[in-house]
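Hi there,

Here is the structure I promised to pass on.

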Amino acid sequence: MAKAKFEVPELQEYPEVPKIEPGTMAHLETFKAKPEFQEALGFPGELVDNWQEQAIEAMGDMLGKYRSLKVYMDSCVKCGACTDKCHYYLGTKDPKNMPVARQDLMRKVYRRYFTLAGKFFPKLVGATDFTQEVLDDWYNYFHQCSQCRRCSVFCPYGIDTAEISMAAREIMDRIGVGDKYSNEIIGKVYRIGNNLGLPGPALEDTLEGLEEDVFDETGVEVKYPMDVKGADILLVTPSADFFAEPHVDGLIGYGKVFHEAGVSWTVSSKASEAANFGMFIGSYENMRKVSLRIREAALELGVKRIIFGECGHAWRVAYAFLNTLAGPFDFLDKNYPVPQHILEFTLDEIEKGTLNIDKSLNDDMVLTFHDSCNVARATRMGDKPGGQFDIPRAVIKAVCNNYVDMPEDTIREATFCCGGGGGLLTDDLMELRVKGAKPRMEALKSVTEEYGVTHMAAICAICKSQFTKVIPYYGFEMDQIVSVHQLVSNALILTGQNSEGEEDESEEDAA
Amino acid sequence: MPIEVDGKTFETDEEGYLVNLNDWVPGVAEMMAKEDDLELTDDHWDIINFLREYYEEYQIAPAVRVLTKAVGKRLGKEKGNSKYLYGLFPYGPGKQACRYAGLPKPTGCV
């Protein structure tokens, strides 16, 4: 772990709401996108001359298009219910990271230009001109929101700060001020097919490597196919699954499950990415363009089903928006959900009894589960309410003997963000990421001490990368984070698999 | 913030990655390591050289598993894991080692 250049918060036994310390995060400005990154997304390369005029016009456009945004601007009664709900406020003590204060950054501009009172008596209603100073605050603090929507659960009016921060980013993009992390990545998706910039041949080489590894470990030829025309299932998964740990251990698990289920599947080099950062920057156009790759790949390959791998916000885009963005998907098999989550698929197979599971192979671990914000608060799995909470837990419990939940007010719909979601998973925001992880770290610490939890499982590429990176700051080890399908992979005994042998153990070590 | 090696200036981006990958010379890695208070040993160079070879073939840094497997094969099984790599490059093999090797930064959810 690298040495911290900032103060790492101390974990407390019981979470405390900190006393405010104004301005603690005012210095944190994420790198801005270069002109080439902006232009690739259809935005001006740099701040336009009449930016104020254009920003107000863009805001008007969005208020007209998104009725919700106008309702959110109008309906806050300053009750304060949200103030202590944001992990970034709890970790940084900066009052501008209170959800209401973040919303007010836009609300005060909205009032100035779009309400009668604000036009004539701005001071009376807290309305301000859209000045450079306000724009700078927008840039810094709308890039300190991970769009996790925890605050909206506690808001009596259901005001969704995520939607406000998405709109703010879109307005800034339209005047030429975008953030490097998200916008460079979206450009890579257009150019190369995925966030990482992993070209087809590298992807193929990586997948072949996985086939070798699984064969060496099990003696079974599990395939990890790419661009196979006529396969039944197109797997769309975050490119981090090909690249990083513990993500890749999850990908190995998906392949083993498909193999045992006896279905044909493939990944696509064209849609080799589940993530859709178009959502983070609130850009409908970019979100649509990224989504259309999946449709094109599905049509070209002639698949019957689309299944998404472990990726949080991708599942939100897939579950909630894919049909409107890139549908209709009338060419897919209607007997299956369109699209389907890999956890739904795996639980079905477990319930059908197609998988030979030996739970004791995970006995070296005591697990807990981190609900990813977008999955928890914006989607569902299965056909029952709460399926997005119950299905991941059902899968973990089907493959592990030791499972404990973290405290109730930190899981399910009240889950805390990992601290790196919403397009903030960049090194230049490390201070925010570490501090924002504090509430989750406190919850993890409590079950570690009380129940001997050793590992935390996640179902989102961002969560996995974020935790792996930040938990060492809090005294944990990076390999305490695991993929849910890594646990499935550990416990799944393939048909014809070498019995006993040291190879079985090397996989446990990897966990 | 450009870096200077043997009187020659190398342009880097805001995160310290080399802008022109073709400019790279071993001195760049030495200089970057020095700025991080890290002394490059043969073990570090094994990794840096592998990254450069892989990049030349595939135009991307190797996946962690590809890297650990290659290291395991070349240097022995006990070294074929992330812990060994993080021991060498505390900021992470993907990012710190790639930067020293003159490769672009891996982006995305990693």
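Helices here are DSSP runs of H or I with at least four residues, and strands are runs of E with at least two, numbered from the N terminus. This is a predicted model, in which local features need pLDDT of at least 70 and side-chain atom pairs count only at pLDDT 80 or more, while totals for chains, interfaces and linings use all residues. Residues are numbered from 1 along each chain as its sequence is written, and chains are lettered from A and ligands numbered from 1 in the order in which they are written.

I started with helix α10 of chain A, residues 180-192. Just after α10(A), A:Gly193 has a positive phi of about 115°. Of the 13 residues in α10(A), 11 are buried, so the rest of the structure largely encloses it. (Buried means that 20 or more other C-beta atoms, placed from the backbone, lie within 10 Å of the residue's own.) Among the buried ones are A:Tyr181, A:Ile185 and A:Val189. The buried residues of α10(A) pack against α1 (35-40) and α14 (284-301) of chain A.

Now for the domains. An automatic or database domain assignment gives the bounds: chain A splits into domain 1 (35-184) and domain 2 (193-404 + 453-510). Their contact takes 15 residues from domain 1 of chain A and 10 residues from domain 2 of chain A, where contact means C-beta atoms, placed from the backbone, within 7 Å. On the domain 1 side, α8 (150-154), α9 (161-174) and α10 of chain A each supply at least two residues, and α9(A) gives the largest share, 5 residues.

Best wishes

Definitions and conventions:
The expected span of a helix is 1.5 Å times one less than its number of residues. A residue is buried if 20 or more other C-beta atoms lie within 10 Å of its own, exposed if 12 or fewer, and partly exposed in between; C-beta atoms are placed from the backbone. Two residues are in contact if their C-beta atoms, placed from the backbone, lie within 7 Å.
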